[in-house]
Amino acid sequence: MIAVAESPRIGFVSLGCPKNLVDSERILTQLRAEGYQIVPSYEEAELVIVNTCGFIDEAVAESLDAVGEAIDANGRVLVTGCLGQREDEIRARHPRVLGVTGAHAYEAVMAQVHQYLPAPHDPFLDLLPPQGVKLTPRHYAYLKISEGCNHRCSFCIIPQMRGDLVSRPIGEVIDEAQRLVESGVRELLVVSQDTSAYGVDLKYRPDIHGGRVLETRLTTLARELGRLPAWTRLHYVYPYPHVDELVPLMAEGLILPYLDIPLQHASERILKAMKRPAASEKVLARIRAWREICPEITLRSTFIIGFPGETEEDFDRLLDFIQEARLDRVGAFAYSPVEGAPANELRGAVPEGIKQERLARFMEIQAQISRDKLAAQVGRRLTALVDEVQADRLIARGPGDAPEVDGHVIVEGGWEDIDRGDFIEVEVTGYDEHDLFAEPV
């Protein structure tokens, strides 16, 4: 009888945005492919990997705290991710870490794992599912289509941490999407640092997939993903002109009528200081055009309040913009300096009290817009994807609801024949501050 050695046990902590989550999934997939066992506690692990975020000060603090917790509880810790670009800072705070690697450094991470916890050699071991290891629920998954970013926004250090734009070949992305759908995924969430720039670095190079020649460009990818039996939702779409080409695909029902566009501000003066496109009037005109083509479209955006140099006039311009644009989903945060960002050198720092007062005013206006938008949904029929089945109700999401950042569709009643990941037809009957309430059709 051949004795099978126990698999080496690794604990994993994943922090940060969905793009970081995809990095974690790739590392975990490789670990599982090589026979490592992923365990849920520090006590069981022989080695712990912490995938960090380093975008803003709060994320840096959370990452450093997580590394410290892992060291205190386990003692054998590897650090990777965005904060890994600042190795000196990590080692100054936690000199006991075994190794540090940067963002999307899969091979470097595995090399360190092999150094400190050698891979098992077991010819009978076959633990890897075809879709890889996922950290999301089975019915949805993030699909990362590129790394890095070519923009140099003054408040951002992502290019310093993740480098310039590197797009994945379109055939490779479609193959991954097909494997995910075949494994039970019902919603593909397309992410990258700048989704609409997909293919720019490759000059939209043609790729052969399924006997057809496809250009490496977002419109082509969206159309191909729309052929799969799953929802496709686009995130982090920088408002390039060719984004207009996506809206007809939404009207056709190929992809979800949902655009997540990080606009950041509306004052042209502040946008220029941010090194962002400064044409809010054109944005309003495009929003009107998108809604004419696809009345069901849901628009999400994020804004920075209190950027250096922001005056009351600049802020009023932003308030005017959101009242005219009437976006469906909005996130906002008070500006916080990020170490290494050029914006730190700008004059006119806004006092914290004023930033918080402006943020409160902004969110009060947007809250009323959101209530109006939700109220307009009452009486409408829609398809919803079930996230959770509870004893007396379903927690689902409609086409306008991305997981983790948007609201839910709550359907009351007991459900014996519905499972997580099922699509259901409902009619909206009510709403609260964030969610819709519905009953089955």
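When I say helix or strand, I mean a DSSP run, H or I of at least four residues for helices and E of at least two for strands, numbered from the N terminus. This is a predicted model, so local features need pLDDT of at least 70 and side-chain atom pairs count only at pLDDT 80 or more, while totals for chains, interfaces and linings use all residues. Residues are numbered from 1 along each chain as its sequence is written, and side-chain values use heavy atoms, with hydrogens and water left out.

I begin with single residues. Glutamine 264 is in the loop between strand 13 (258–260) and helix 9 (268–274). Is glutamine 264 buried or exposed? Its relative accessible area is 9%, so glutamine 264 is buried; buried means under 20%, exposed over 50%, and partly exposed in between, with a 1.4 Å probe and protein chains only. Leaving aside residues up to four places away in sequence, glutamine 264 touches Phe155, Met274, Arg276, Thr302, Phe303 and Ile304. Contact here means heavy atoms within 4.5 Å.

Aspartate 260 is in strand 13. It is also buried, at 7% relative accessibility. With residues up to four places away in sequence again not counted, aspartate 260 touches Leu234, His235, Tyr236, Val237 and Arg300. Its C-alpha atom is separated by 22 Å from that of alanine 273, 13 residues apart along the chain.

Glutamate 412, in strand 18 (residues 409–412), counts as partly exposed, at 44% relative accessibility. Not counting residues up to four places away in sequence, glutamate 412 touches Asp392, Arg393, Phe437 and Ala438.

Next, a whole element. Helix 7 (residues 218–225) has 7 of its 8 residues buried, so it is largely enclosed by the rest of the structure. The buried ones are Leu218, Thr219, Thr220, Leu221, Ala222, Glu224 and Leu225. They pack against strand 6 (140–144), helix 6 (170–182), strand 9 (187–191), strand 11 (212–215), strand 12 (231–234) and helix 8 (246–252).

Now the rings. A pair of aromatic rings is described by the distance of the centres and the angle of the planes. The rule takes rings of Phe, Tyr and Trp (its six-membered ring) with centres within 6.5 Å; planes under 30 degrees apart are stacked, over 60 edge-to-face, and the rest tilted. That rule gives 7 aromatic pairs. In one of them, phenylalanine 155 and phenylalanine 307 have ring centres 6.4 Å apart and planes at 85°, so the pair is edge-to-face. The two are 152 residues apart: phenylalanine 155 is in the loop between strand 7 (146–147) and helix 5, and phenylalanine 307 is in the loop between strand 14 and helix 11 (312–325). Both are buried. Phenylalanine 303 and phenylalanine 362 form a tilted pair, 5.6 Å centre to centre with 55° between the planes. This pair joins strand 14 to helix 12 across 59 residues, and both of its members are buried. Ring pairs also link Phe155, Phe307 and Tyr335 into a cluster.

Two arginines belong with the rings. The charged end of arginine 217 sits over the ring of tyrosine 204, 3.8 Å from its centre. Arginine 397 lies over the face of tyrosine 140, at 5.4 Å from the ring centre. The test is NZ of Lys or CZ of Arg within 6 Å of the ring centre and within 35 degrees of the ring normal.

On a 1 Å grid over the protein atoms alone, a cavity is a set of points where a 1.4 Å probe fits but cannot get out; a pocket is an open set with protein on both sides within 12 Å along at least five of seven lines; lining residues have an atom within 4 Å of a point. Points are joined across faces, edges and corners, and a volume is the space filled by probe spheres set on the points.

The largest pocket has a volume of about 1,300 Å³. Of its 48 lining residues, Cys17, Lys19, Phe55, Tyr236 and Thr302 lie nearest its centre. Strand 15 gives the most to this lining, with 4 residues.

The whole structure has 3 cavities of 30 Å³ or more. The largest cavity holds about 80 Å³ of space, and helix 10 gives the most to its lining, with 4 residues.
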